[in-house]
Amino acid sequence: MLTEWVDGAKRLLGKNIVGMYLSGSLAYGDFVPERSDIDLEAVVRSPLTQKELRSAEYLHREIERRCPRWARPG
């Protein structure tokens, strides 16, 4: 799931990406699968266009569809 998100974001945003980060409980070792969410962040050079935002939302929905266990914790 993490690889799908990173690869998808790279495809959508290309050189606009400065960095991609995993944060929150998974990164800090406090992750509880039945309760925790997954915090992923992409830092970009410039604000996303409306088209890029829609594409990112679509990517998010597609990953949720393929990985329903992670779509809604608990």
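**Helix α1: length**

I started with helix α1, residues 2–13, in this predicted model. How far apart should its ends be? At 1.5 Å a residue, its 12 residues should span 16 Å. I looked up the end C-alpha atoms and found them 16 Å apart, which agrees.

Next I asked which residues of α1 are buried. They are Trp-5, Gly-8, Ala-9 and Leu-13. These residues cover an arc of only 110° around the axis, which puts them on the same side of α1. I noted the rule behind such patterns: an α-helix has 3.6 residues a turn, so residues three or four places apart point the same way.

I then turned to the face away from the buried side. Thr-3 and Arg-11 are there, and they are exposed.

What covers the buried residues of α1? I found that the cover includes β1 (17–23), β2 (39–44) and α3 (50–66).

**A nonpolar patch**

On the surface I looked up a nonpolar patch. Leu-2, Leu-22 and Leu-26 form it, and together they have about 200 Å² of accessible area. Leu-26 sits in helix α2, residues 25–28. Its relative accessible area is 31%, so I wrote it down as partly exposed.

**Ile-38**

I found Ile-38 in the loop between α2 and β2. Ile-38 is partly exposed, at 22% relative accessibility. I also checked its distance to Ser-23, which is 15 residues away along the chain. Their C-alpha atoms are separated by 7.8 Å.

**Salt bridges**

How many salt bridges does the structure hold? I listed three. Side chains of opposite charge can pair when their charged atoms come close.

- Arg-66 pairs with Glu-4, with the closest N and O atoms 2.3 Å apart. Arg-66 lies in α3 and Glu-4 in α1, so this pair ties together parts that are 62 residues apart in sequence.
- Glu-62 pairs with Arg-65, with the closest N and O atoms 2.8 Å apart. Both lie in α3, three residues apart, about one turn of the helix.
- Glu-62 also pairs with Arg-66, with the closest N and O atoms 3.4 Å apart. These two are four residues apart in α3, so about one helical turn separates them.

I then compared how open these residues are. Glu-62 is buried, at 17% relative accessible area. Arg-65 is exposed, at 54%. Arg-66 is partly exposed, at 42%, and Glu-4 is partly exposed, at 29%.

My last entry joins them up. Glu-4, Glu-62, Arg-65 and Arg-66 are linked in a network of salt bridges.

Conventions:
Residues numbered from 1 in each chain as written. Predicted model: local features only at pLDDT ≥ 70, side-chain atom pairs only at ≥ 80, totals over all residues. Heavy atoms only, no water. Expected span 1.5 Å × (residues − 1). Buried < 20%, exposed > 50% of the residue type's maximum accessible area, 1.4 Å probe, protein only. Arc of directions from axis to C-beta. Contact = heavy atoms within 4.5 Å. Patch = residues over 30% accessible without salt bridge, like charges linked within 9 Å, V, L, I, M, F, W, Y side chains within 5 Å. Areas by Shrake-Rupley, 256 points an atom, 1.4 Å probe, with all protein chains shown as cover. Salt bridge = Lys/Arg side-chain N within 4 Å of Asp/Glu carboxyl O.
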